[in-house]
Amino acid sequence: QVQLVESGGGLVQAGGSLRLSCAASGITFSSYNMAWFRQAPGKEREFVARISWSGGSTSYADSVKGRFTISRDNAKNTVYLQMNSLEPEDTAVYYCNAEYRYLRDLQYWGQGTQVTVSS
């Protein structure tokens with residue numbers, strides 16, 4: 001049974017920081033590209049950041065570039081999202097995504113963690 005469990009969300013003031021974690025089980029973690037998406041109220045889910053299966057390649061949405069950092073620890077089956085200089089516009093539910101490196105249609109999602117940034 002595949003599980004992606006996000007944690008680390010919460011309420012923070014603008015300019016503050018949070019670190020999200022996503023712990024994976026039931027998959028060979030090192031065979032999966034990992035990503036973070038987010039969905040704000042009334043909006044569609046959007047891409048935030050992605051890291052390749054080896055950790056050697058990362059990409060970011062323009063809106064978070066320079067503020068957010070994605071990383072992974074394959075020994076701990078965990079992917080992280082360090083979020084700095086948070087803005088009220090970053091308020092959303094953040095979802096972890098796992099994409100099998102050999103078959104990109106094989107994907108799994110976590111349940112999400114709420115991030116709220118107050119102004």
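## Overall fold

From the N terminus on, the elements run β-β-β-β-β-β-β-β-β-β-β. The chain has 0 helices and 11 strands. Helices (H or I, at least four residues) and strands (E, at least two) are DSSP runs, numbered from the N terminus. The radius of gyration is 14 Å, close to the 14 Å that the globule rule gives for 119 residues, so the chain is as compact as a globular protein of that length. That radius is taken over C-alpha atoms, and the globule rule is 2.2 Å times the number of residues to the power 0.38. Along the principal axes, the C-alpha atoms fill a box of roughly 40 × 25 × 25 Å.

This is a predicted model: local features need pLDDT of at least 70, side-chain atom pairs count only at pLDDT 80 or more, and totals for chains, interfaces and linings use all residues. Residues are numbered from 1 along each chain as its sequence is written, and side-chain values use heavy atoms, with hydrogens and water left out.

## Contacts, surface and charge

Take contacts (heavy atoms within 4.5 Å) between residues at least 6 apart in sequence. Of these, 55% join residues at least 24 apart. Buried residues make up 40% of the 119 residues. Buried means under 20% relative accessible area, exposed over 50%, and partly exposed in between (1.4 Å probe, protein chains only).

The chain exposes about 6200 Å², and carbon and sulfur atoms supply 45% of it. Accessible areas come from the Shrake-Rupley method with a 1.4 Å probe; for residues, only the protein chains shown count as cover. The 11 positive and 10 negative charges have mean positions 6 Å apart. Lys and Arg count as positive, Asp and Glu as negative; His and the chain ends are not counted. Each charge is placed at NZ of Lys, CZ of Arg, CG of Asp or CD of Glu.

## Nonpolar core

In soluble globular proteins, nonpolar side chains tend to be buried together. Here, the largest nonpolar core holds 29 residues. Met34, Trp36, Val79, Leu81, Met83 and Tyr94 touch the most other members. The elements giving two or more residues to this core are β3 (18-25), β4 (32-39), β5 (46-51), β7 (68-73), β8 (78-83), β9 (92-100) and β11 (113-118). A nonpolar core is a set of buried Ala, Val, Leu, Ile, Met, Phe, Trp, Tyr and Cys residues joined through side-chain atoms within 4.5 Å.

## The β5-β6 loop

Ser52 lies in the loop between β5 and β6 (58-60). Ser52 is buried, with a relative accessible area of 9%. Leaving out residues up to four places away in sequence, Ser52 touches Asn33, Ser57 and Arg72.

Ser57 is also in the loop between β5 and β6. At 38% relative accessibility, Ser57 is partly exposed. With the residues up to four places away not counted, Ser57 touches Arg50, Ile51 and Ser52. Ser57 and Ser71 are 14 residues apart in sequence and 9.9 Å apart in space, C-alpha to C-alpha.

## Leu11 on strand β2

Leu11 lies in β2 (residues 10-13). Leu11 is exposed, at 66% relative accessibility. Beyond residues up to four places away in sequence, Leu11 touches Thr116 and Ser118. Leu11 and Ser118 are 107 residues apart along the chain, yet their C-alpha atoms are separated by 7.3 Å.

## Positive phi in two loops

Asn77 is in the loop between β7 and β8. Phi of Asn77 is near 55°, a positive value in a residue other than glycine. Asn77 is partly exposed, with a relative accessible area of 26%.

Ser85 is in the loop between β8 and β9. Phi of Ser85 is near 50°, again positive in a residue other than glycine. Ser85 counts as partly exposed, at 41% relative accessibility.
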